[in-house]
Amino acid sequence: MIPKSHPRYKSLLSRDKIVNAYKSGILADSGMIAHGRGEAFDYLIGEKTTETAEKAIEAAAAALILAKNPVISVNGNTTALVPEHVVKLAEVLGAKIEINLFYRTPKRVKTIWKFLKDQGAGEILGTEEEDFKHIEGLDSPRGSVSPEGMYKADVILVPLEDGDRTEVLVNEGKFVIAVDLNPLSRTAKTASLTIVDNITRAMPCLTRKVNKLKTKNPDELKKLMDNFNNINNLKESLKIMLNSINEFE
Ligand code: PTJ
C-alpha cells in the first residue's frame, strides 16, 4: 500500500500497475524497461503536460474527430496504465480498439482482451488471427492487423511503442498519432503527430479535448491540424528538457 502523502505517489502508483500487469501476463518483460525509460524522460519534462504537449493533444483531437475510421491501437503498457481511458476515448469518438503487440502470444492477447472487457470495452479487434491482413514492410507481429481495424483505418493512435511500425503506417498513407515521452525516438520523429507526454496524463487530456472540440465545424478542426508541425513541436519539447538541465540549481 503506497501512502498518498508519498512525494512520488503518482510515479509509484504507475510502477505498481506495471508490476501487477507483468504478474498477470498483460505486460511484456520489455515493458518494464520501456516504462523505466519513459520515467527518465518524464523527470526531464517536469512530470506535467506542457503547453507544447497540449498543442499536440489539441491537433490530435482534431484529427481523431475528423477521421472516418479512427483506431486506438493497444499494447501491454497502455493496457496496464490507462485501460479505462482507452475505453472512454473509444466511446467518445466511436473509435475501434485493436490489440496489436510486438511480443505477441495468444495468451497475452487473451489476457489483455479480458482486462479491457472488464473495464467496459465494446468490440475489441486484433484477436481473430485467421482473418488478419498483412501490412507490407512490417515483419514483426505488429504487421498482422485486423481488416476492419488498422488495415482500413485512416487515423491510428499508437500510444507507446518501439518504432518499427509508425514509419510504415505513415508511408501507407495513414495519419499516425504517437504518445511518446522520448522526443528523439524513431516513433516520435516519424509519426504524423507526436504527443510528448506521459500516457497517464495524455489520454485523459485527449478525451477532454475531443469532448470540447467535437461540436466545432470541420474547417476549424482542419485548421488546427494544418497549423501543427510535428518536428517543431518535438524541438520545443526537447528544449524544455534541455532547459530543465541548464537551469538546474
Ligand atoms: O506490449 P508489446 O508486446 O507491444 O510491447 C510494448 C513495448 C513497450 C515493450 C515495446 O513497444 C517496446 O519495447 O518499446 P520501447 O522500444 O521500449 O519504446 C517505448 C517508448 O515509450 C520509449 O520511447 C519510452 O520513452 C516511451 N514511454 C515509456 N513509458 C511511457 C512512454 N511514453 C509515454 N508514456 C509512458 N508512460
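Biologist: Which element gives the most to the shell around the ligand?

Modeller: Helix α2 gives the most, with 8 residues; a helix here is a DSSP run of H or I with at least four residues, numbered from the N terminus. This is a predicted model, in which local features need pLDDT of at least 70, side-chain atom pairs count only at pLDDT 80 or more, and totals for chains, interfaces and linings use all residues. Residues are numbered from 1 along each chain as its sequence is written.

Biologist: What makes a residue part of that shell?

Modeller: Its C-beta atom, placed from the backbone, must lie within 6 Å of the molecule. For the ligand, 27 residues surround it, and the closest are Ala 34, Gly 38, Asn 75, Gly 76 and Asp 162.

Biologist: Why are α3 and α11 called roughly antiparallel?

Modeller: Helix α3 (residues 51-66) and helix α11 (residues 230-246) pack at about 155°, with axes 9 Å apart. Angles over 145 degrees count as roughly antiparallel, and α3 and α11 are therefore described in that way.

Biologist: How do you know which residues of α3 and α11 meet?

Modeller: Two residues are in contact if their C-beta atoms, placed from the backbone, lie within 7 Å. On that basis Thr 52, Ala 53, Lys 55 and Ala 56 in α3 meet Asn 233, Glu 236, Ser 237 and Ile 240 in α11.

Biologist: Where is Arg 37 found?

Modeller: Arg 37 is found in helix α2, and the unreviewed UniProt entry includes Arg 37 in its "binding site" annotation.

Technical notes: Axes fitted to C-alpha atoms, helices over the stretch in contact; angles between N-to-C directions. Helix = DSSP H or I, 4+ residues; strand = E, 2+ residues; numbered from the N terminus. Parallel < 35°, antiparallel > 145°, perpendicular 65-115°, else oblique. UniProt positions renumbered as here; feature names shortened; annotations may be inferred.
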